[in-house]
Amino acid sequence: MLVPLYSQSGQLGAVVEQILAPLRESGDIEVHVEPLQPRPAYPFPWGVLRFFDTFPEAALMQPQPLAPLGLRGDEAFDLVILPYQVWFLAPSLPVTSLLRLPLARQLLAGRPVVTVVVCRNMWLMAQEKMKGLLADVGARLIDHVALTDRGPLAATFITTPLWMFTGRRTGWFGLPPAGVPEADIRAARRFGLALRDALKRDAERGTVPLLAGLGAATADPTLLSSERAGTRSFFIWGRLIRRLGPPGALARQPVVALYVVFLVALILTVVPLSAVVQFLLRPWLNTRLERLKTAFEAPSGSGTERIAQYES
C-alpha cells in the first residue's frame, strides 16, 4: 500500500496514523509512506504575506518542485491512500505537484485510490479537482473520507487563520479549538479496520466502495455557491498575480495585499448573503441540495450503518 503524505501542521498526519495503525498491526499488509517534501519548504505557522503569495500557484494547481521521491515507478501497490489538505479550494500544492509528475501515472494508473481530506469545512471543489487529477493519471477513485472542523462557521473564520498564522489552536476569545476534534481523529481508526478487512478479501480489486456505511464523507451543499465564487476569484486574481513574476517576486506583493482586502470583503458579503438566500429558498431547493449532497459524498457516502462494527 502506498501513502504519499504531506502534513503541514501535523493534523493530517495524525489522521493518517490512525487509519494506518490497524493495517500495520495486521502483520501481512505492507505500508509504504512516502513523505512529500516541497523545495523550498512551506513554513508553519505561516507568515501572512507568504501564505497569500502561495495562492496563485495553489488555486491554479501549478506544480512546484519536490525533493526526489524514493520510488522508481515500477512498484505494484494494491491500494493507494492519498491524504491531502485544502489550500485555496484546491488540493495542497505538494499533492498536486506529485500528481503532475510523470511518475504519478506510472504509480497510479489502474490503481484503486482512497482520498482523505482534512480541512476547515470547504472541500467540495477541492475534491472535484482531485477527481480530475486522478482521472488524468488513470487512477480509480474507490473511496473518499472527509474530516472537518466541527466549530460554528463564523468561529472557524477566526480560529483557523489564527492557528495558521500563530501555530496556536486554542485559547482564542473563548472560541472552540481550531481543527478536527481529537475524538474524530481517534475515530478515524475505523477506516483502517475496514480497509484491513477489505484487503484480506481482495475487495479493492472490485468497484464497490470499501468504506460505505462508516460516515466517511458528509457534504454541505449549501457551501457550494461560496466555493464556486471563491474559485472564480482565485482563478482571475491568480492568473493576474502570476503574470507579475514567480512566488516571492516583489512585484507581486502589492497586488497580493490588495487581494487580501478583496478576499475579506468577499467573505464578509458573499458568504452570509449566500446563506440568507439559501435559507429563504430552502423549501424550493431541498430536492436539488439533496441531489448535490449525494453526488459530492460519493463514492463512500455519509451512511453510518456499519460504524458499530468497527467501534473500539
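Both Glu-297 and Lys-293 are buried, where buried means under 20% relative accessible area, exposed over 50% and partly exposed in between (1.4 Å probe, protein chains only). The two side chains form a salt bridge, with the closest N and O atoms 2.6 Å apart. A salt bridge here is a side-chain nitrogen of Lys or Arg within 4 Å of a carboxyl oxygen of Asp or Glu. Glu-297 and Lys-293 are 4 residues apart in helix H11, so about one helical turn separates them. Helices (H or I, at least four residues) and strands (E, at least two) are DSSP runs, numbered from the N terminus. The model is predicted: local features need pLDDT of at least 70, side-chain atom pairs count only at pLDDT 80 or more, and totals for chains, interfaces and linings use all residues. Residues are numbered from 1 along each chain as its sequence is written, and side-chain values use heavy atoms, with hydrogens and water left out.

Side chains of opposite charge can pair when their charged atoms come close. The whole structure holds 11 salt bridges. One of them joins Arg-252 and Asp-53 at 2.9 Å, N to O. This pair links distant parts of the chain, 199 residues apart. Arg-252 lies in the loop between helix H10 (224-242) and H11, and Asp-53 in helix H2 (residues 48-53). Arg-252 is buried, at 0% relative accessibility. Asp-53 is also buried, at 5%. A network of salt bridges links Asp-53, Glu-57, Arg-242 and Arg-252.

Asp-184 and Arg-150 meet in another salt bridge, at 2.5 Å, N to O. Here too the pair links distant parts of the chain, 34 residues apart. Asp-184 sits in helix H8 (residues 182-187), Arg-150 in the loop between E7 and helix H7 (153-166). Asp-184 counts as buried at 17% relative accessibility, whereas Arg-150 is exposed at 63%.

A pair of aromatic rings is described by the distance of the centres and the angle of the planes. The search of the whole structure gives 19 aromatic pairs. Rings of Phe, Tyr and Trp (its six-membered ring) pair if their centres lie within 6.5 Å; planes under 30 degrees apart count as stacked, over 60 as edge-to-face and the rest as tilted. Trp-172 and Phe-173 form a tilted pair, because their planes stand at 50°, with centres 6.1 Å apart. Trp-172 is buried at 16% relative accessibility, but Phe-173 is exposed at 66%. Tyr-259 and Phe-262 are likewise tilted, with planes at 35° and centres 5.8 Å apart. Both residues lie in helix H11 (residues 253-297), 3 residues apart, about one turn of the helix. Tyr-259 is buried at 0%, and Phe-262 is partly exposed at 33%.

Charges also sit over rings, a term that requires NZ of Lys or CZ of Arg within 6 Å of the ring centre and within 35 degrees of the ring normal. The charged end of Arg-168 is over the ring of Trp-172, 4.1 Å from its centre. That of Arg-120 is over the ring of Phe-157, 4.4 Å from its centre.

Leu-141 lies in strand E7 (residues 140-148) and is partly exposed, at 24% relative accessibility. Contact means heavy atoms within 4.5 Å. Beyond neighbours within four places in sequence, Leu-141 is in contact with Val-113, Thr-115, Gln-127, Lys-131, Leu-134 and Pro-299.
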